[in-house]
Amino acid sequence: MISDPLILSAVIMVIMFALLLSSVWIGVSLIITGIVGMLLFDHNLPPVISVYTKIGDLLAGSLYDALNSWSLAALPMFILMGEILYKSSISTRLLNGLKPWLAYIPGGLLHVNVAACSLFAAVSGSSAATTATVGKITLDELEKRGYSKSIAMGSLAGAGTLGFLIPPSLIMIIYGVLADVSIGKLFVAGLLPGLLLATLYSFYIMAAAKIDPSVEPEIKETFTWSQKFASLKDLLPVFSLITVILGSIYGGLATPTEAAALGVLGAIILAIYFKSFSWEIFKTATLNAVVTSAMISFIIAGAVFLSQVIGFLGIARAMSEFITSLGLTPLMLILLIGIMYIILGMILEAISIVVMTLPIVLPIVILAGYDPLWFGVFLVFMVEMAQITPPVGFSLFVIQSISNEKIETILKATFPFFIMMIITVMAITFFPEIVYYLPNQMIQ
């Protein structure tokens with residue numbers, strides 16, 4: 001039996017990593033870790049209450065608490081919306097609609113990756129779907145037209161992660177449920193930082209094009225004003241869907257769950273409008289949404305159980321007291337946490353990072369004086385970095401499958417955009433009003 005919570009926390013982390021690295025399902029890993037932690041701890045429970053009874057009570061209660069959430073209902077709806085958009089031709093039309101408006105900017109059609117990812121992120125919520133959808137359309141096309149494949153891959157890797165930051169975001173929904181933070185405010189809080197990051201990406205592309213003209217073709221495509229205005233028929237419906245989703249949340253007209261339902265309806269209407277809707281597409285999208293939602297819900301349930309175990313065993317309190325005893329300033333603390341997340345991102349995927357660390361990290365961050373709303377946006381940035389850090393950066397593998405390039409080539413191309421992420425994280429850390437401004441303007 002172990003009586004020291006700090007020693008037990010180290011043992012729990014080792015067990016959890018061992019299970020995850022052995023390819024055990026994430027949800028199962030979290031539940032097994034919690035059960036083993038309960039069995040290892042010296043509880044001093046009354047004789048009438050066995051440790052097995054307490055484990056059963058905690059497990060049953062956490063499963064019910066985790067999944068009996070109206071906010072969580074938004075998750076399968078947003079996933080379904082993204083699946084419908086992905087399976088239909090809407091993403092292709094979005095790209096074609098952007099081309100005439102971006103051709104004249106330094107860097108030309110390289111900006112299509114950033115713009116298309118930003119817009120698709122605002123209606124899909126999934127970085128994997130955003131990267132795969134935009135990448136399949138743009139990479140070959142840009143290379144054929146004489147654009148730098150390196151910058152095309154780097155911008156796709158960087159901008160593809162915006163699916164986690166620009167609302168609606170699946171990670172924000174999971175964080176909001178686990179941290180008991182308003183999902184609507186999280187969505188709105190991520191908007192300005194997401195646009196700031198997308199802007200930095202575009203400025204880098206423009207600077208690269210000015211410094212090295214070979215990154216774009218000598219002869220650029222030209223578009224007439226009539227072609228530009230004609231392209232609006234592909235853009236305006238998508239902009240309308242984004243406005244309905246975010247406007248209803250920002251204006252206090254709908255909860256994120258209600259906005260998600262509107263988003264599904266809007267995606268179906270758009271697919272019908274573009275003549276790309278069929279029963280087969282809807283059935284496939286629904287089945288994919290069910291599978292993904294069940295997987296994520298199981299992970300959330302496991303995370304809530306582990307969180308309750310950590311609270312019951314006094315690990316969170318002991319960790320908080322230990323960190324406080326170190327005398328770290330809030331900035332030093334958030335720097336260490338940021339480094340920890342970048343390291344974790346090298347070996348784990350996004351959802352694992354959030355559900356594994358949040359039960360331990362969140363109480364410490366709150367004790368240091370950070371707002372859970374701000375930390376949610378900070379955490380999403382860390383998860384974004386995890387998408388493009390080796391060896392388990394999921395976006396890297398998506399791009400590799402599309403481009404057939406070596407992973408080291410993709411990493412080199414992605415590095416400047418990784419630096420842009422770090423700059424944006426520094427900006428929201430030193431100027432937190434970037435995060436708070438829009439939520440403070442929301443109609444309650």
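Q: How much accessible surface does the protein have, and what share belongs to carbon and sulfur atoms?
A: In this predicted model, the accessible surface is about 18,600 Å². Carbon and sulfur atoms hold 70% of that surface.

Q: Why is D180 called exposed?
A: Exposed means over 50% relative accessible area. D180 has 71%, so D180 is exposed. D180 sits in the loop between helix 9 (170-179) and helix 10 (183-189).

Q: What makes the phi of D180 worth a note?
A: Phi of D180 is near 60 degrees. That is a positive value, and D180 is not a glycine.

Q: Why does K275 count as exposed?
A: The cut-off is over 50% relative accessible area. K275 reaches 77%, and therefore counts as exposed. K275 belongs to the loop between helix 13 (256-273) and helix 14 (279-312). K275 also has a positive phi, about 60 degrees, without being a glycine.

Q: What share of the residues is buried?
A: Buried means under 20% relative accessible area. In the protein, 56% of the 444 residues are buried.

Q: How do you know whether the radius of gyration agrees or disagrees with a compact globule?
A: For 444 residues, a compact globule would have a radius near 22 Å. The protein has 23 Å, so the value agrees. The C-alpha trace spans about 80 × 45 × 45 Å along its principal axes.

Q: Which secondary structure elements does the protein have?
A: The count is 21 helices and zero strands.

Methods:
Residues numbered from 1 in each chain as written. Predicted model: local features only at pLDDT ≥ 70, side-chain atom pairs only at ≥ 80, totals over all residues. Heavy atoms only, no water. Helix = DSSP H or I, 4+ residues; strand = E, 2+ residues; numbered from the N terminus. Rg over C-alpha atoms; globule rule 2.2 N^0.38 Å. Buried < 20%, exposed > 50% of the residue type's maximum accessible area, 1.4 Å probe, protein only. Areas by Shrake-Rupley, 256 points an atom, 1.4 Å probe, with all protein chains shown as cover.
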